[in-house]
Amino acid sequence: MISTISTILIDDEQLAREELAYLLKDFADIELVATGSHGLEALKLIEDIEPDLVFLDVQMPGLDGMSVIQKLREQNIPLPHFVLATAYDQYALEAFRLEALDYVLKPVEKERLAVTIERARRVIAEKNKPSAESVPSAARPVFQRSKLLVKSSNRNFIVDAHDVIYATIDDGLITVVATNIEGESNYRTIEELQSNLDPDLFWRVHRSFLVNINRIKEVIPWFKSSFQLRMDDKKHTEIPVSRVQTKRLRALLKL
């Protein structure tokens, strides 16, 4: 079992949010990290926090719950597990079409909520089981580049991979920050860059950041039991650690 399940609650009715938040307090492994009142707020919270579980109201003005899930998929944002909540059971079929973890009717009863939480525990625990990615790198022969091409000031520089401090992607453009240079990479995605580097040295701590673990200068406690990493570059850049990778960080450093 995982120690905690990071959870977000989205509902446009304040009373409904408060009632569900109150019920969730009885489940020790549920960590309610944020609440929101509309669909656009849900999109931002899910992208920023990367929770394990989201209780999402189906009917909200503007962007409803179903549309939130669809937009997340369109933007290729990793999906949490969703529990859809509504006062009407007519949305059940649509909920399961969208592969929601569960569907609850409002007002939510504690006994029904317990069933949902137990289902979430099982599914998330199964998801977090060691996979092929956990096999030591020695058992996974992979081509690893020792040099990278970095474009800066209309010039192409060759950088030793060990000198790379971190890489980040913004609007499809990857920036590499190394010891003595900062510039653009010719890789198209962070995944592609990561796959060509030493997996024991480079860690994808967030959807948008790949860091050299030997160039982490400081671990900083941050929002809702998560952390930021202060890197060893000239700007001492602070990089967020995603909710999923926070668990790995705690295990790695015994936080």
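User: Which residues does Leu63 touch, not counting residues up to four places away in sequence?

Analyst: Contact here means heavy atoms within 4.5 Å, and by that criterion Leu63 touches Gly39, Leu40, Leu43, Val68 and Lys71, with residues up to four places away in sequence left out. This is a predicted model, in which local features need pLDDT of at least 70 and side-chain atom pairs count only at pLDDT 80 or more, while totals for chains, interfaces and linings use all residues. Residues are numbered from 1 along each chain as its sequence is written, and side-chain values use heavy atoms, with hydrogens and water left out.

User: Where is Leu63 found, and is Leu63 buried or exposed?

Analyst: Helices (H or I, at least four residues) and strands (E, at least two) are DSSP runs numbered from the N terminus, and Leu63 is found in the loop between S3 and H3. Buried means under 20% relative accessible area, exposed over 50%, and partly exposed in between, with a 1.4 Å probe and protein chains only; Leu63, with a relative accessible area of 13%, is therefore buried. The C-alpha atoms of Leu63 and His38 are separated by 7.0 Å, although the two residues are 25 residues apart along the chain.

User: How should I read the packing of H2 and H3?

Analyst: Two packed helices are described by the angle between their axes and the distance between the axes. The axes are lines fitted to C-alpha atoms, for helices over the stretch in contact, and the angles run from 0 to 180 degrees between N-to-C directions. H2 and H3 pack at an angle of about 40 degrees, with their axes 9 Å apart. Angles under 35 degrees count as roughly parallel, over 145 as roughly antiparallel, 65 to 115 as roughly perpendicular and the rest as oblique, so H2 and H3 are oblique to each other. Their crossing is right-handed, a crossing being right-handed if the near helix is turned clockwise from the far one by less than a right angle, and left-handed if anticlockwise. The contact is made by Gly39, Ala42, Leu43 and Ile46 of H2 and by Val68, Lys71 and Leu72 of H3. By class, this contact has 5 nonpolar, 1 polar and 1 charged residues, where Ala, Val, Leu, Ile, Met, Phe, Trp, Tyr, Cys and Pro count as nonpolar, Asp, Glu, Lys and Arg as charged, and the others, Gly among them, as polar.

User: Which residues of H2 are buried, and which elements do the buried residues of H2 pack against?

Analyst: An α-helix has 3.6 residues a turn, so residues three or four places apart point the same way. In H2, the buried residues are Gly39, Ala42, Leu43, Leu45, Ile46 and Ile49, and the buried residues of H2 pack against S1, S2, S3, H3, S4 and helix H7 (243–253).

User: Which residues touch the most other members of the largest nonpolar core?

Analyst: In soluble globular proteins, nonpolar side chains tend to be buried together. A nonpolar core is a set of buried Ala, Val, Leu, Ile, Met, Phe, Trp, Tyr and Cys residues joined through side-chain atoms within 4.5 Å. The largest one has 23 residues, of which Ile8, Ile10, Leu56, Val68, Phe82 and Leu84 touch the most other members. The elements that give two or more residues to this core are strand S1 (5–10), strand S2 (30–36), helix H2 (39–49), strand S3 (53–57), helix H3 (65–74) and strand S4 (81–86), and H2 gives the most, with 5 residues. Apart from this core lies another, of 19 residues, among them Leu20, Ile30, Val104 and Ala120.

User: How do H1 and H5 pack?

Analyst: Helix H1 (residues 14–24) and helix H5 (residues 110–127) pack at an angle of about 65 degrees, with their axes 11 Å apart, which makes H1 roughly perpendicular to H5. The crossing of H1 and H5 is right-handed, and Leu20, Leu23 and Leu24 in H1 meet Lys110, Leu113 and Ile117 in H5.
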